[in-house]
Amino acid sequence: MKIKFVSDFFIDEIEGGAEYVDDYLIDKLSSVHEITKQKSSKFSQEEYDLWIISNFNHMKKESKQFLKNKNYIIIEHDHKFLKRRDASAYENKIAPADQINNSHFYRKAKMVFCQSKGHSDNLINNIILDNVANFGCSFWNEEHLDLLEKLSDSKKEIEYASLHHPNKIKGTFEAISYCLKKKIKQTLLYPKAFKEYMEQLSKVEKFIFFPQVYESFCRLALEARMLNCTLISNKNLGCTTEEWFSKYKGKELVNFVRNRQESNVQELLKVIEGKDTTLKVEGKKYPKISLITSMFKGEKYIEKFMNNMISQTVFEHCELLIIDAVSPENEFPIIQKYMEKYPNIKYTRLEKDPGIYGVWNIGAKMATGKYLTNTNLDDIRSPDQIEVMVNCLEKNPHIDLAYSESYVTTVGNETFEKNSSKGKTYPITDFSKPAMIKCLPGCMPVWRKTMHDKAGYFDESFRYAGDHEMWLRAVRAGCEFKRVIGAHGLYYMNPDGLSTSEANAVKRYKEEQRVFWEYIDIFGYDTVNKYSQYFSRM
């Protein structure tokens, strides 16, 4: 099999932990398959049987796009699925939805191999995946393992020592502070080449190491234990999440690592050859999302709309329910073209137009998804908008609806990436009952289908403010909403739109007034007092 092994750097450039792991794997795999190395920054779109992607920070967006429907495996060394690349920066190591990175790239991989149980847990808890495997160990070449085995019998001449490193994430300051507090006299070990550094470390009885970011495995911690050092550390070590970690030390640990990494190579080869691996961990199936579209006089928007929907990063997990409210225009031939390629697009033409909220009710009752969203023909979503909202809801089971800001434009058929909004967005407020005086969910929220069990469906007596009334009724029923930080959509203030045109302004105001007085118990006294003049009874 022809395999391209891709990484930011290789061992001849940087002698880092990831580069040592990659070098070991390349050596072992080369005895079975034809391996070609390539730096991620110089990725070339050539055809191979398989790609193994190691560190990919320097990989361009178009290179990842090229791999979208290819056969590739990711060897994950850190936390590139987080924008800060540090799980410990977030409560319970779970990042907010807007801090997730490269989720689609991980999801499309044949398998993502992590370094430890803690590492794989972090990945699965942050991204909804069912293609994760755990090596449960790092990799050392035989020369290094032989050296560690030899040095494990070294006489302990230094009682306490810690790493002296200029990079603050290595925790030198914290280790020194610990020693000062405990009145411990310590020796600082300065970084050197592997052999020299291990010789220093082998003479240490107790090694103090407080990394300031979550280490996906931490080779140094395991090297200390292979050298029979006692490790004093914090909870930022992925290797400590492995059941075997506290069982082995010294030569016994060296032999365990030898056997484990040989076994791991065999499991990696199974995945390369399309077989199941015992290293796969229990993940999570991506939930189904129902996209409800009310269509009426949408011919000039339909092509861009369809492209926007199929471009969603999780479209394969969606059902697009297009409900034709007796539109007099010729949208169907365009829709049909997409239906031939995507079986998850479903088209229904009604005999009578029940109004937009009637259509949404039909769609909500037809929907088979766990989550629902209204997809308006003239609005545009960022490619990951649905994924980001669903990720928020999956991480927050007590939340019923997720929303985010959208850029606002008065020009039709613009794109999310290039538009005339000049950064203007709506809404910009976190969820609270008083803030619900505005229609906080905006034009493209995602909500749980079960919310309708709590609060009912859209009130079809409304023509303009039925969505606002629905959300207020849901809040009254005890539902909670959550704002996802960042703009993830483009809202078109359509001059001919049902809820935005000047022609409908008076009727729309009357409906808004009706909603205001119906739900004053939600807003609170101060808000009611502030807006009562605007919504004064006629």
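User: What makes strand 5 and strand 6 a pair in this predicted model?

Analyst: Two strands count as paired if at least two bridges are found between them, and strand 5 (residues 111-114) is joined to strand 6 by three bridges, with the two strands running parallel. One place to look in the model, which is a predicted one, is Val112, which stands opposite Val132 in strand 6.

User: Which helix packs on the sheet there, and how do you know that it touches strand 5 and strand 6?

Analyst: Helix 4 (residues 117-126) packs on the sheet and touches both strand 5 and strand 6, where a contact means heavy atoms within 4.5 Å. The direction of helix 4 makes about 165° with that of strand 6.

User: Why are strand 2 and strand 6 said to stand at the edges?

Analyst: The open sheet they belong to has six strands in the order 2-1-3-4-5-6, with parallel pairing. Strand 2 (34-39) and strand 6 (132-134) each have a single partner strand, so one side of each is left without a neighbour in the sheet. Neighbouring strands of this sheet are turned against each other by 20° on average, if direction is ignored.

User: How do you know that strand 3 is paired with strand 1 and with strand 4?

Analyst: The rule of at least two bridges can be applied to each side in turn. Strand 1 (residues 2-7) and strand 3 run parallel and are joined by four bridges, and Ile3 has Leu50 of strand 3 as its bridge partner. Strand 3 and strand 4 (residues 72-75) also run parallel, joined by three bridges, and here the bridge partner of Trp51 is Tyr72 in strand 4.

User: Which way do the residues of strand 3 point, and are they buried or exposed?

Analyst: In strand 3 (residues 50-53), Leu50 and Ile52 point one way while Trp51 and Ile53 point the other way, and all are buried.

User: What makes strand 3, helix 2 and strand 4 a unit, and of which hand?

Analyst: Strand 3, helix 2 (residues 61-66) and strand 4 make a β-α-β unit, and this unit is right-handed. The word applies because, with the strands pointing away from the viewer, a right-handed path from the first strand over the helix to the second runs clockwise.

User: What is the order of the strands in the open sheet of four, and which of them are the edge strands?

Analyst: The order is 8-7-9-10, with parallel pairing. The edge strands are strand 8 (187-189) and strand 10 (230-233), each of which pairs on one side only. The twist from one strand to the next averages 30°. Strand 9 (residues 204-209) pairs with strand 10 in the parallel sense over four bridges, and Ile208 stands opposite Ile232 in strand 10.

User: Which helices lie across strand 9, and at what angles?

Analyst: Helix 6 (residues 172-182) lies across strand 7 (158-163), strand 8, strand 9 and strand 10, and runs at about 120° to strand 9. Helix 7 (residues 194-201) lies across strand 7, strand 8 and strand 9, and runs at about 110° to strand 9.

User: How do you know whether Cys137 and Cys439 are buried or exposed?

Analyst: The limit for buried is under 20%. Cys137 has a relative accessibility of 0% and so counts as buried, and Cys439, with a relative accessible area of 15%, is buried as well.

How values were computed
Residues numbered from 1 in each chain as written. Predicted model: local features only at pLDDT ≥ 70, side-chain atom pairs only at ≥ 80, totals over all residues. Heavy atoms only, no water. Axes fitted to C-alpha atoms, helices over the stretch in contact; angles between N-to-C directions. Buried < 20%, exposed > 50% of the residue type's maximum accessible area, 1.4 Å probe, protein only.
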